Amino acid sequence: MANLSELEPGTLPPEAGALRDEVREFLAGASFTPRCDSWLTGADPAFSRALGERGWLGMTLPERYGGHGRSPLERFVVIEELLAAGAPVGAHWIADRQTGPSILANGTEEQKRRFLPAIARGECFFGIGMSEPDSGSDLASVRTRAERADGGWTLRGTKVWTSGAHLAHAILVLARSEPLDAGDRHAGLSQFIVALPDERVAIRPIRGLSGEHHFNEVVFDGTFVPDAMVLGRPGDGWRQVTAELAYERSGPERLLSTFMLIRLLHGRAADTADPAARRTVGRLMARLWALRQASLAVAGALAAGGTPDVPAALVKDLGTRFENEVVDAVREHAGVEPDPGSPDPLARALAQAVVQAPGFTLRGGTNEILRGIVARGLGVR
Amino acid sequence: MGLLEETARDILSGPDPWPALEEAGLASVGVPEDAGGSGGTLADAAVLLRASGRHGASVPLAETGWLAGRLLAAAGLPVPRGPLTAAAGNGAFEAVRDGDGWVLTGTLRRVPWARSAHRVAVVADGRQVVVADPALATITPGENVAGEPRDEVTFDGVRAERAAPSPVDAAGLRRWGALARAVQLTGAMRGALDLAVRYAGEREQFGRPIGRFQAVQQMLAELAGEAAVADVAVRAAVRAPDDEVAVAAAKANASRAAGRAAAIAHQVHGAIGVTQEHGLRRFTLRLWSWREEYGDETTWADVLGGRPGDPWATLTGR
């Protein structure tokens, strides 16, 4: 409970202001069409490389691996600016957010040298190989198997919801490498780096509600993974993915997926001097300000070496529900129908948001699972 | 838990906390020593205020130190001993220059704890702080739904005891009050959460504690989430008390969270929670009162939504 109620506010370092200005200046000169939920649906490899050139990918990785040795809070500033602008950050998002740090924490020297500099340049994108057709919330039930082979392992199984696998240069796969021990379901799991393309890996689109392609099904049909591409210790996969998930929760992408709607409604309310719309904008801004403080506090706790898993879970719960609240609140005042092809940016953004909204409270751990984590933290579970 | 918080808990969970708070010098924490206060930072004062909310104590702590004490100290006036209160005098109240003093006439509405305050400090017309003894005024008792005094105070040509140019205008004083109530709200939410968690672990139905049911667990998690987010946001605002955006957002969010927190705490408690004998009312009645005082979530939403410029620049302060 202590870490639930005594979360200290995060403090951005003094250099954050200048960094924020630099990112805004870059964004003002960049060419892209802003969109809602751009970290999932806005993939633009050229934009990713441009960020890499500016030193805004792999920011927290050490310089000897091509990173920039910046603090997690400086990274926080950069990514929240990119998200608020609706910039196309989807291509590199997974590699920058979680795979890079995970390889740094668990990888061999060879793996670090091979992948981290490329991630920081925006030239190596990763897919997440966790969920499966029969394993969603219950991740320990994964059935993808890794079997011993000469000089490595052979993977068989299917992963789903792998965002950007069709653009990725590699995928980090969680597989069962030892038979299931009913007494300890978390034992016997391992993580494998599979470089793409590979003739024994089939990647097929799983199209979203409006036909858009960001999710994939990835089938491993006897895919060979050399020993050198096992991440961390065989059998230690559960601990590693749990740590990886900590990077996934409570970041600004759990609050800002629909921020563009607030900005657009604010502009419209100013044009039409509509006090009801202004009030709604203010209501949403107040909530977002508070949630951002909480997200920043968790980032600060992570940066200080803490394991704020319960606060991270509750920030993601409240944050992603807020992303949905924004959609309905803005709809009340928009006066336009959601229309993906409209010349009106608000109609377009609404169309993107409405379609993406159901995913906000599913991805990265459903809100019900997250609340279960919080309940355990409260001692009632 | 720090020493200050522990001391506060011991005193505030007792039967008659105010004399003990004064004796321990905790009634004017956050007010500089040279002005007659106990010294300490605003964050220290927030620890105490939060504790008063968490332990359901009925004390004029926000009014004495946070509002009147700081107001008087900032105006260069001595801070009297005893419980104090503060108010902004609007159109129905005026302070008129009379020789080298000021004469007070008119009515102040819903002044917290006025009937028991040793002195009231009024920001008159947004420009002048005037100090008077409420005993010289006509007091019409009123209260909020938690039963805390919110009195009407009418002066009929009373000479101010002291006066000085005000360091804040009426809006500034309201901001101070909003931040104080926001801090108190986070304490009360935590108090309600503690009770709800305990009750869910004790109350058995269908042969097990109700906290074993996922439906109840999910509600408690939401309550914990609201309380924790409101708390960290308010702590951040306490670090930037002059930042209008921070205070507006922290109070708006705390007021919003208060309603949800109270509703969940009651739902978990079932019917016993809505009785006068049960302790939950010490928290929920205050949540419903304090969320309105010094501006509810709509009032502060209007402040935020009415600010010019890009909302992202407003939110990030740059």
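A residue counts as buried under 20% relative accessible area, as exposed over 50%, and as partly exposed in between, with a 1.4 Å probe and protein chains only. The structure examined here is a predicted model, in which local features need pLDDT of at least 70 and side-chain atom pairs count only at pLDDT 80 or more, while totals for chains, interfaces and linings use all residues. Residues are numbered from 1 along each chain as its sequence is written, chains are lettered from A and ligands numbered from 1 in the order in which they are written, and side-chain values use heavy atoms, with hydrogens and water left out.

Rings of Phe, Tyr and Trp (its six-membered ring) pair if their centres lie within 6.5 Å, planes under 30 degrees apart being stacked, over 60 edge-to-face and the rest tilted. By this rule there are 10 aromatic pairs over all chains. In one of them, the ring centres of Trp161(A) and Phe215(A) are 5.7 Å apart and the planes stand at 70 degrees, so the pair is edge-to-face. The two partners come from distant parts of the chain, 54 residues apart: Trp161(A) sits in the loop between β3 (152-159) and β4 (170-176), and Phe215(A) in strand β7 (residues 213-226) of chain A. Helices (H or I, at least four residues) and strands (E, at least two) are DSSP runs, numbered from the N terminus. Phe215(A) is partly exposed because its relative accessibility is 24%, and Trp161(A), at 47%, is also partly exposed. Elsewhere, Phe26(A), Phe32(A), Phe47(A) and Trp56(A) make up one aromatic cluster.

The backbone also deserves a look. Most residues other than glycine have a negative phi, and most peptide bonds are trans. Trp161(A), not a glycine, has a positive phi of about 60 degrees. Ala273(A) likewise has a positive phi, of about 50 degrees; this residue lies in the loop between α9 (259-272) and α10 (275-303) of chain A and is partly exposed at 49% relative accessibility. Leu196(A) and Pro197(A) are joined by a cis peptide bond with omega of about -5 degrees, and Pro197(A) belongs to the loop between β5 (189-195) and β6 (201-207) of chain A.

Leaving aside neighbours within four places in sequence, Ser131(A) is in contact (heavy atoms within 4.5 Å) with Leu139(A), Thr158(A), Lys159(A), Val160(A) and Trp161(A). The C-alpha atoms of Ser131(A) and Val160(A) are 5.7 Å apart, although 29 residues separate the two along the chain. Ser131(A) itself is partly exposed, at 22% relative accessibility.

Turning to the interface, 46 residues of chain B touch 48 residues of chain A. The buried area, meaning the accessible area (1.4 Å probe) that two parts lose on being put together, summed over both, is about 4200 Å², with 62% from carbon and sulfur atoms. Trp312(B), Leu315(B) and Arg318(B) lose the most area in chain B, together 18% of what that side buries. Eight salt bridges (a side-chain nitrogen of Lys or Arg within 4 Å of a carboxyl oxygen of Asp or Glu) cross the interface. Among them, Glu8(A) is bridged to Arg239(B), with the closest N and O atoms 2.7 Å apart.
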